[in-house]
Amino acid sequence: PPPYGHPGHPPWPPMPGRPPGPASPYGPMPPHMHPMMHPPPEPVVEAPVLLTRRTMEDGELSSDKVIEATSLRGRELRWQPWPEVAGFNSDWKVIPLRWGLRGELFALLRHRQSGETKVCAAEVQHSLEKWPVLHTNSSSAKGAKYKSFTFNEHLFVISIDRESGALKVFHVPDPGSAWNVAYETTLPEEPSEEFPMSRFAKLCVFYGMDRIPCVVAVEPQAEMGSTRVFRISDPGKAWTPCGAAPALPQKVRLLMVYTKARAPGPAFEACLFAIALGELKVYQVPADLEQPWILISTVPFADDTRLSCIYVPGKPEPLLMAGSPTEKMQKLCHLNLMEWRLAKQDERLPPPKSPVVEEKFSRPMASLWPDKDGDPIVALPVDCTADLAVSRHHWVTTPILPPQGEFHPPGPRPPFDFRPPTRPPFEYAPGPPPSRPPFEAISPGPPPFDPGPPPGNLNVNGKAEEPERHRRRRHRHRRDRDEGDGEGRKRRRAEKAERDRRAESPQT
C-alpha cells in the first residue's frame, strides 16, 4: 500500500492541477511548510498474532486445538477483527518459518493427522484456509517435528522423526520450490558420542552476534544438566557442539528474545527465557558460546505459561505476550532486559528497581471471543519470532527512537490503545516560522571582542574607508597570475584615480 495510506498523492491541501487528497494521519500541515516538505511516515506497525484456542474441561485442557490468527496494528497495538474460523483451523498446525523481504511472514501448515505440510504466506487478515499455498509436501513423515533457520539469507528446515530418528535438514531455495536434502543422519534414542543429541530432544533455534544459527537442545528423558548447544556453521554438515550450555531441567519451555543494541556495538543481543518449576529464568547468551551462560534474573511464573514476542519498530526491546491456562489471563508485559544486563555486567551497579518482566496490561482470555459460550476458553500464544533478528523486518531496519521522540498522552493509558502524535516529533509548532534560525546572534552589531581591525577614515561621502591592506587582502583573488604585487597595486591605483576623475567631472 502507499506509505501514507492515500491513493498516490500527498494528503496535503490541493495543488494546482491536482485533486485534493484525504486527510493526513499527522493532522494539518504547518503553514510554513511547502506541500512537498511533508515528513516521512513512521513504519507501519502490524504484528501478526497466532493463538491456539482450547477449552477447559474439569480443570484440564481439552485435546481439541483451534488456530486463531489476527494482528495488532498501529503503535497503540489495537486488536484487529478475528477472521472466520472453520474446521480447517483445528486440522492444521501453524509453524512460523521466516520473514520475507517486505516484512511478510511465511509459515508452514502441518496436518495433525496425516503429517502433510504446506508452505503458505501468513495473511492473518484472512481465514486460515484462504492463506495462499506456495508449495505442498504430501510425503512428509507423520510424526515429524519441524524447526527452521536462515543461513546467509537461505531458508533451511529441520525435520526430526520421533519414531525412526531421522534428522533431515532441507534447503528451501524459494517458498514455492521443492525441498532439497542438505544433511541427513539418524539420531539414537539416547545421546551418543557420534551425535550428542537424541531423537526426543526439544530444539530452540537462535542466532549469535555473528548471525550464525545455533540450537539449544534439551533432553526430556535425561537428568538435570543434559542441555547441549550446537552451532550450525555449515547446513550440509554435522552440527558442532559448543563447550558451554545453561543448566535446564527436563520439562522446560524455551523462548529466545532479542534486543537491539545502540551503536556502536553488535546489531542485536539474545537472551534465553526458560519457564520451569514455577519460575522464569533469563540467561544472557554469551558472545563466545564456549563461555558460560550468565543467569540475569529469576521471577515467579506459572509452569504452563506460553510466551510470544511482539517487536515494535523503533523500540530496543520487544513486548512480551504471556498466556497461562491456570490464570486464564492474556498479559502484555514490558521487558527491562538491557538494565538487568548492564547491572549484571558491572557489580558496582545496584539491581534495577523494576523486574526483568513487568506486567503492563492484562485481560481475560474469554474477552477475546465474547460471542463464544460454553466451557472456559484458553488462548495460548504462538511465538512468531523465527529469523526476525537476521531478517529485514522493520524492527531491524528502523533506528531506535529517542525517549523524547515517543508520544505519551496525558493521563492513564488504556490497555493496548493510545493515540499517535498529531505531528512528527522535532517539528515546529503550528504557526508562522521563526524569525531567525536557532542560536543566531540577536544583537545587530559585531560580536564582542571582534578580532578585526578598527574602521578606517571617513571619505568625502561620509562613509568609512577601509585600509589599503584590508582591501588588498580581500581583492587579492582578482589579480592576474602573471602580474606581480607592485604592478597590480599600480593598476588598481590608476583605476581608482580614473573613477574619481569621472565622478568629479559633472560637478566641474
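Which residues does Thr305 touch, not counting residues up to four places away in sequence?

Thr305 touches Arg253, Ile275, Ala322, Gly323 and Ser324, leaving aside residues up to four places away in sequence (contact means heavy atoms within 4.5 Å). You'll find Thr305 in the loop between E20 and strand E21 (306–310); strands (E, at least two residues) are DSSP runs, numbered from the N terminus. Thr305 is buried, with a relative accessible area of 4%. Here, buried means under 20% relative accessible area, exposed over 50%, and partly exposed in between (1.4 Å probe, protein chains only). A polar atom of the Thr305 side chain also lies 2.9 Å from the backbone oxygen of Ala302.

## What you're looking at

This is a predicted model: local features need pLDDT of at least 70, side-chain atom pairs count only at pLDDT 80 or more, and totals for chains, interfaces and linings use all residues. Residues are numbered from 1 along each chain as its sequence is written, and side-chain values use heavy atoms, with hydrogens and water left out.

## Thr298 in strand E20

Thr298 sits in strand E20 (residues 294–300) and is partly exposed, at 37% relative accessible area. Beyond four places away in sequence, Thr298 touches Glu279, Leu280 and Lys281. Take Glu279: Thr298 is 19 residues from it in sequence, yet 6.7 Å away in space, C-alpha to C-alpha.

Definitions and conventions: Helices (H or I, at least four residues) and strands (E, at least two) are DSSP runs, numbered from the N terminus. A polar contact is a pair of N or O atoms within 3.5 Å; within protein, one must be able to donate a hydrogen and the other to accept it, and residues adjacent in sequence count only if both atoms are side-chain atoms.
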